[in-house]
Amino acid sequence: MIQKVKMWAKSFTLFELFKGLGITWRNMWRKKITVQYPEEETPVSFRFRGVLALRRYPNGEERCIACKLCEAVCPALAITIESEPRADGTRRTTRYDIDAFKCINCGFCEEACPVDSIVTVPESHYHMEERGENIMTKEKLLAIGDMFEEKIAKAKKLDSEYR
């Protein structure tokens, strides 16, 4: 009975409203923590998964050996790989496509790759303007990998230190 009277008194006197206004009044004078996005960027962890890329060996040859483990482990079925043997007996990919709309950035493909061919680049500023740009072809992925090779190597080094 006493609880009901207290609840009625609080609702009648608008106690919760004034309590909320008190919190607002206190926080109004604190330092703001808003980030002005285009000019300032928030810090990103070195483990951030951004856009996917394919890497090359230092001699310029692509790393992918067409084992198709990344295609098999992809839960979203976003990766399509076709391969053929070369004259020296090794396999290389003829087609390596990733549908960026299907990709859920889980990182399973990166973990499954035995030669660190497919990696995620710590780049979050990418977009698609035209139809069909969501299909990341082998050439696009290799170009992204070439562009961010220094960042990828640094992230791999840091990641190995923490494991």
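User: F18 is found in helix α2 (residues 15-28). Is F18 buried or exposed?

Analyst: Quick heads-up: this is a predicted model, where local features need pLDDT of at least 70, side-chain atom pairs count only at pLDDT 80 or more, and totals for chains, interfaces and linings use all residues. Residues are numbered from 1 along each chain as its sequence is written, and side-chain values use heavy atoms, with hydrogens and water left out. Helices (H or I, at least four residues) and strands (E, at least two) are DSSP runs, numbered from the N terminus. The relative accessible area of F18 is 52%, and the cut-offs are under 20% for buried, over 50% for exposed and in between for partly exposed (1.4 Å probe, protein chains only), so F18 is exposed.

User: What does I33 count as, buried or exposed?

Analyst: I33 sits in the loop between α2 and β1. Its relative accessibility comes to 79%, so I33 counts as exposed.

User: How far apart in space are I33 and E150?

Analyst: Along the sequence, I33 and E150 are 117 residues apart. Going C-alpha to C-alpha, the distance between I33 and E150 in space is 32 Å.

User: Which residue of β4 stands opposite L54?

Analyst: Two strands pair if DSSP finds at least two bridges between them. Here β1 and strand β4 (residues 118-121) pair in the antiparallel sense, over four bridges. In β4, the residue opposite L54 is I118.

User: Which strands stand at the edges of the open sheet of three strands?

Analyst: The strand order in this open sheet is β2-β3-β5, and the pairing is antiparallel. Two strands each have a single partner strand, so one side of each is left without a neighbour in the sheet: those edge strands are β2 (79-85) and β5 (135-136).

User: How many bridges join β2 and β3?

Analyst: Strands of a sheet pair through backbone hydrogen bonds, and they can run parallel or antiparallel. For β2 and β3, the sense is antiparallel. One example has S83 opposite T93 in β3. The number of bridges between β2 and β3 is seven.

User: What is the phi of G89?

Analyst: The strands β2 and β3 form a hairpin, with five residues between them. G89 lies in the turn of that hairpin, and its phi is positive, at about 95°.
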